[in-house]
Amino acid sequence: MGGVLWAVLKLAVRGDLAVAKAEQSVVLGDINRQLAALDGKVTAGFATVQADVTIIKAEVTNHDRRLTSGGI
């Protein structure tokens, strides 16, 4: 009888472990999706900042030209 109980307990533990691994996989997949979305937002934000910096550089260059040419 003890051997049967032990076998049942082992199967129950294995089942619990399988469920835990499946849940872990779902959580890790969710975390990976969230990180990918965040990475996309950071990349888009960085591109926006780069574009803004390019515009500001052009405006500063234009302003410098006007200053050196006496246009202001």
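Is L28 buried, partly exposed or exposed, and why? L28 counts as partly exposed because its relative accessibility is 44%; the class lies between buried (under 20% relative accessible area) and exposed (over 50%), using a 1.4 Å probe and protein chains only. The legends below describe a predicted model, in which local features need pLDDT of at least 70, side-chain atom pairs count only at pLDDT 80 or more, and totals for chains, interfaces and linings use all residues. Residues are numbered from 1 along each chain as its sequence is written, and side-chain values use heavy atoms, without hydrogens and water.

**View 1. The whole chain, with 1 helix and 0 strands.** Helices are DSSP runs of H or I with at least four residues, and strands are runs of E with at least two, numbered from the N terminus. The C-alpha atoms fill a box of roughly 100 × 10 × 10 Å along the principal axes. Of the 72 residues, 0% are buried.

View 2. Together with V27, I31, L35, L38 and V42, L28 forms a nonpolar surface patch with about 530 Å² of accessible area. Patch members have over 30% relative accessible area and no salt bridge; nonpolar side chains (Val, Leu, Ile, Met, Phe, Trp, Tyr) are joined within 5 Å, like charges within 9 Å. Areas follow the Shrake-Rupley method with a 1.4 Å probe.

**View 3. The salt bridge between R33 and D30.** Here the closest N and O atoms are 3.8 Å apart, and the rule asks for a Lys or Arg side-chain nitrogen within 4 Å of an Asp or Glu carboxyl oxygen. Both residues lie in helix α1, 3 residues apart, about one turn of the helix. R33 is exposed at 54% relative accessibility, whereas D30 is partly exposed at 34%.
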